[in-house]
Amino acid sequence: MKDLTTLGIGGPARFFCEAKSEKELLEALRRAREKKVPWYILGSGSNLVVSDKGFPGLIIKANIRKFSRDRSKVLAGAGNELLAFIRKINRLGLGGVERMAGIPGTIAGAIYGNAGAYGQEICENLRRVRIFDGRNFRWLSRRACRFFYRDSIFKKHKNWAIVEAEFSFKKGKPKELSRISREIIKLREKKYRPSLLCPGSFFKNIIFKNLPKSAQKKIPPDKVMYGKVSAGYLLEVVGAKGLSKGGIKIAKHHANLFYNSGGGKAQDIKKLAIILKDRVMKKFGVELEEEVQYLG
Ligand SMILES: Cc1cc2nc3c(=O)[nH]c(=O)nc-3n(C[C@H](O)[C@H](O)[C@H](O)COP(=O)(O)OP(=O)(O)OC[C@H]3O[C@@H](n4cnc5c(N)ncnc54)[C@H](O)[C@@H]3O)c2cc1C
């Protein structure tokens with residue numbers, strides 16, 4: 001699995017297949033049932049920490065690609081790459097996703113975790129999502145997807161497969177939208193150098209108003225931005241920058257950026273995460289929650 005994740009970590013999967021259509025997806029699920037093995041759907045593996053032991057079942061790479069447009073409405077497949085999608089949407093003069101340029105991964109991966117950056121989230125322009133729920137294909141309205149900050153109903157229904165999504169965009173100017181995307185990509189490359197083996201931000205930021213009063217008092221007001229406290233700030237205070245365990249390192253320039261410097265192990269990432277969650281809990285009374293998804 002290490003070759004299928006941006007962190008470059010993970011032992012072998014027992015079975016692997018790529019599903020390029022709904023029919024192939026059904027066939028893959030049928031085979032998993034037949035062999036009585038667990039299955040897991042993979043996008044681009046950019047938000048995953050896979051166990052060093054690997055996965056004892058079938059990994060299904062959902063690579064269903066499609067793209068069609070009817071005025072402001074756009075239909076995209078689960079496996080379409082998010083960046084290529086954004087570039088196309090920009091060129092069509094449709095606005096609303098340009099600031100998310102540079103987030104790696106697929107359309108389905110972005111929907112699963114309600115990916116977002118620089119003030120935009122994937123849920124904002126979504127109208128509905130088509131899924132296979134284990135029995136039927138059906139559409140879920142945006143409301144039914146229960147999107148929140150880096151959260152959605154899909155995190156609670158791991159046996160659902162996202163197959164496609166319908167978006168609706170406002171009008172924009174193609175050149176302006178493309179310029180914004182280009183600038184944001186440049187900014188992002190300062191934080192994430194292109195060859196870095198990492199899964200993006202490790203922990204979610206914290207929604208300030210959800211914290212108990214005792215924890216709120218410990219956070220300086222200037223550290224609350226757009227209603228959130230960055231996990232990076234909390235981690236920096238407890239000394240995370242530059243820490244390492246085995247091949248896993250925490251960036252010196254960003255305390256919420258865990259990366260694999262070579263030969264990194266999932267067990268080392270998990271150990272570091274436990275140590276840092278504990279330190280943040282002791283210092284601030286705040287419980288950090290992983291943004292990355294663990295497999296195994
Ligand atoms: C350098 C870097 C920068 C990043 N920056 C950001 C950022 O700014 N903002 C942000 O939100 N994220 C960021 N991320 C995290 C990551 O890119 C996103 O979470 C992305 O949306 C994951 O998409 P993916 O296709 O790689 O999903 P994967 O990592 O393959 O999977 C993520 C989850 O989605 C599920 N999933 C995938 N496809 C399907 C499907 N078809 N049906 C059902 N479930 C599915 C998987 O089972 C898994 O649980 C960054 C990652 C990296 C490496």
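Reader: In E12, what is the bridge partner of valine 129?

Author: Alanine 165 is the E12 partner of valine 129. Six bridges join strand E10 (residues 126-132) to E12, and the two run antiparallel. Strands here are DSSP runs of E, at least two residues; helices are runs of H or I, at least four, and both are numbered from the N terminus. Two strands pair if DSSP finds at least two bridges between them.

Reader: Before I go on, where do the coordinates and numbering come from?

Author: This is a predicted model, where local features need pLDDT of at least 70 and side-chain atom pairs count only at pLDDT 80 or more, while totals for chains, interfaces and linings use all residues. Residues are numbered from 1 along each chain as its sequence is written, and side-chain values use heavy atoms, with hydrogens and water left out.

Reader: OK. How many bridges does E6 make with E12?

Author: Five, with strand E6 (residues 73-77) and E12 pairing in the antiparallel sense. Lysine 73 faces serine 168 of E12 there.

Reader: And is E12 enclosed or open?

Author: Largely enclosed by the rest of the structure, because seven of the eight residues of E12 (residues 161-168) are buried. Buried means under 20% relative accessible area, exposed over 50%, and partly exposed in between, with a 1.4 Å probe and protein chains only.

Reader: Switching to the ligand. Which residues come nearest?

Author: Ile41, Gly45, Ser46, Thr106 and Gly116, out of 34 residues around the ligand. A residue counts as near if one of its heavy atoms lies within 4 Å.

Reader: What about polar atoms, which distances do you get to the ligand's oxygen atoms?

Author: Serine 46 has a polar side-chain atom 2.6 Å from a ligand oxygen. For arginine 150, a polar side-chain atom is 3.2 Å from an oxygen atom of the ligand. On the nitrogen side, a backbone N or O atom of isoleucine 162 lies 2.8 Å from a nitrogen atom of the ligand.

Reader: How much of the ligand does the protein bury?

Author: The protein buries 94% of the 980 Å² that the ligand exposes when taken alone. Those areas come from the Shrake-Rupley method with a 1.4 Å probe; for residues, only the protein chains shown count as cover.

Reader: Which elements give two or more residues to the shell?

Author: Strand E2 (39-42), H3, strand E8 (116-117) and E12. H3 gives the most, with four residues.

Reader: Back to arginine 150, where does it lie, and is it buried or exposed?

Author: Arginine 150 lies in the loop between E11 and E12. It counts as buried, at 12% relative accessibility. Its phi is positive, about 50°, although it is not a glycine.

Reader: Which other residue has a positive phi although it is not a glycine?

Author: Arginine 146, at about 45°. Arginine 146 is found in the loop between strand E11 (137-141) and E12. For background, most residues other than glycine have a negative phi.

Reader: New topic, H2. Which residues there are buried?

Author: In helix H2 (residues 82-91), the buried residues are Leu82, Phe85, Ile86, Ile89 and Asn90. They sit on the same side of H2, because they cover an arc of only 135° around the axis. The arc is that of the directions from the helix axis to the C-beta atoms.

Reader: What do they pack against?

Author: Strand E5 (67-70), E6, strand E7 (94-95), helix H3 (107-112), E12 and helix H4 (174-191). Contact here means heavy atoms within 4.5 Å.

Reader: What's the story with asparagine 90?

Author: Asparagine 90 is buried, with a relative accessible area of 1%. Its side chain makes a polar contact of 2.8 Å with that of serine 181. A polar contact is a pair of N or O atoms within 3.5 Å; within protein, one must be able to donate a hydrogen and the other to accept it, and residues adjacent in sequence count only if both atoms are side-chain atoms. Not counting residues up to four places away in sequence, asparagine 90 touches Glu98, Pro174, Leu177, Ser178 and Ser181.

Reader: Last one: what order do the strands take in the open sheet with E14?

Author: The order is E14-E16-E15, three strands with antiparallel pairing. Strand E14 (206-207) and strand E15 (224-225) stand at the edges with a single partner strand each, so one side of each is left without a neighbour in the sheet. Two bridges join E14 to strand E16 (residues 228-229), and isoleucine 206 stands opposite valine 229 in E16.
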